[in-house]
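Subject: Structure handover and notes

Dear colleague,

Here is the structure I promised to pass on to you.

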Amino acid sequence: MRCHIVPPHMLERLARDADDPVVSARARRTMALTSAQYVERLVPAPARSPEEDFVPKRTVHDAGGRESLPGRAVRKEGDPATGDAVVDRSYDWLGATFDFFEEIYRRDSIDGSGLPLLSTVHYGDGYANAFWNGEQMVYGDGDGVVFTDFTGPLDVTGHELVHGITQHTANLEYYGQAGALNESVSDVFGSLVKQWHLGQTADRADWLIGAGLLADGVQGVALRSMKEPGTAYDDPRLGKDPQPGHMDDYVETYRDNGGVHINSGIPNRAFHLAAVAIGGHAWDKAGRIWYDVLTGGALAVDVDFAGFAAETVRAAARRFGADAAETDAVRRGWTGVGVSIAAEALR
């Protein structure tokens with residue numbers, strides 16, 4: 001699994017930047033390090049009592065600019081703030097993500113069984129990415145030219161930790177449409193964590209992933225837009241955001257594991273359309289439907305968009321009724337991005 005927040009196409013573009021050799025070198029180094037640091041961790045979670053009190057178990061480490069993990073432990077659960085804003089943001093955002101899933105979906109950490117939340121900050125020299133490696137979070141400080149500190153946006157932490165939840169539940173393949181769904185699920189819940197933290201309704205949220213990561217002077221607002229895929233950035237160094245928002249523009253490619261960070265724009269927009277049509281807080285209904293599908297055990301690991309869409313409609317019908325407005329909103333969300341749901345798939 002390659003669960004990193006900055007898509008390869010952005011780093012590849014920067015790596016070819018002949019006008020800025022420092023940015024180019026750091027992009028190449030970021031690509032190499034991101035590809036090297038992954039760990040498989042698939043442990044079934046035992047059942048938990050619904051009355052049990054769930055509390056996070058956080059430890060933040062400092063790599064000190066080196067490339068070894070986990071680094072020196074600098075803040076553990078219950079410790080006071082350190083004064084290092086990066087360390088303290090990582091600690092806070094781990095807690096906010098844990099609290100969201102505990103309060104809204106009654107989930108005890110990533111694996112549902114109290115898995116300790118570990119992170120490493122100040123990883124590498126100008127490392128321009130953040131990732132979940134199978135057992136912990138890792139954040140770079142950014143190159144300071146194109147990308148800022150990766151602990152900044154809450155939805156970066158939410159996105160990456162949800163890769164861990166997917167790993168422990170549906171375990172979707174990280175290739176093709178299943179991989180794009182894997183990325184999309186992380187964007188969906190990363191955005192919902194941010195919306196919940198800010199108390200936003202679906203119609204007031206920005207639906208941006210990584211807002212604040214792009215440095216001053218970069219022509220863009222975020223890494224991705226769930227509301228309008230393909231509009232997050234258009235910059236001479238980064239190029240134009242390549243995400244499609246409709247199956248008519250689906251990108252066939254062998255790169256990035258079959259375009260997992262690109263084609264995720266399609267299911268992202270389907271969720272946005274459904275959530276806005278349902279209204280209110282997106283985590284209450286639309287998010288609950290997606291969570292039911294992710295954790296329900298019905299998804300094939302290589303599920304395609306149509307198969308996932310059918311499961312969301314089934315989940316909506318089970319929770320709200322086949323003729324409910326919520327179920328219709330989910331159907332319309334998928335048809336709005338050109339994903340057809342066969343009638344027989346819904347029986």
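His122 is buried, with a relative accessible area of 16%, where buried means under 20% relative accessible area, exposed means over 50% and partly exposed lies in between (1.4 Å probe, protein chains only). His122 sits in the loop between S4 and S5, and its phi is near 55°, a positive value in a residue other than glycine. Asn257, which is not a glycine either, also has a positive phi of about 55°, but Asn257 is partly exposed, with a relative accessible area of 28%, and its place is in helix H6 (residues 256-263). Helices (H or I, at least four residues) and strands (E, at least two) are DSSP runs, numbered from the N terminus.

Before going further, please keep in mind that this is a predicted model, in which local features need pLDDT of at least 70 and side-chain atom pairs count only at pLDDT 80 or more, while totals for chains, interfaces and linings use all residues. Residues are numbered from 1 along each chain as its sequence is written, and side-chain values use heavy atoms, with hydrogens and water left out.

The sheet

An open sheet of 6 strands has the order S1-S5-S6-S4-S2-S3, with mixed pairing; two strands are taken to pair if DSSP finds at least two bridges between them. Strand S1 (3-4) and S3 stand at the edges with a single partner strand each, so one side of each is left without a neighbour in the sheet. Helix H3 packs on this sheet, touching S2, S3, S4 and strand S6 (137-139), and its direction makes about 150° with that of S2. Such angles run from 0 to 180 degrees between N-to-C directions, with axes fitted as lines to C-alpha atoms, for helices over the stretch in contact. Helix H4 (residues 154-168) lies across S1, strand S5 (130-132) and S6, and runs at about 20° to S5.

Within the sheet, strand S2 (residues 58-62) is mostly covered, as 5 of its 5 residues are buried. Arg58, Val60 and Asp62 are on one side of S2 and Thr59 and His61 on the other, and all are buried. S2 runs parallel to strand S4 (residues 117-121), to which 5 bridges join it, whereas its pairing with strand S3 (residues 72-76) is antiparallel, over 4 bridges. Thr59 has a bridge partner on each of these strands, namely Leu118 in S4 and Lys76 in S3. In the loop between S2 and S3 lies Pro70, and the peptide bond from Leu69 to Pro70 is cis, with omega near 5°.

The nonpolar cores

A nonpolar core is here a set of buried Ala, Val, Leu, Ile, Met, Phe, Trp, Tyr and Cys residues joined through side-chain atoms within 4.5 Å. The largest has 90 residues, and those with the most contacts inside it are Phe100, Phe147, Phe189 and Trp334. Helix H3 (residues 85-105) gives the most to this core, with 11 residues. Contact means heavy atoms within 4.5 Å, and, not counting residues up to four places away in sequence, Phe100 touches Tyr105, Phe189, Leu192, Val193, Trp196 and Trp283. A second, separate core of 6 residues includes Leu33, Ala63, Tyr123 and Val138.

In helix H10 (residues 325-335), the buried residues are Glu326, Thr327, Ala329, Val330, Gly333 and Trp334. They cover an arc of only 160° around the axis, which puts them on the same side of H10; the arc is that of the directions from the helix axis to the C-beta atoms. Ala325, Arg332 and Thr335, on the other side of H10, are exposed. Helix H7 (265-278), helix H8 (286-295) and helix H9 (305-320) are among what covers the buried residues of H10.

Ser184 is found in helix H5 (residues 176-198) and counts as buried, at 2% relative accessibility. Ser184 and Ser264 are 80 residues apart in sequence but 5.1 Å apart in space, C-alpha to C-alpha.

With regards
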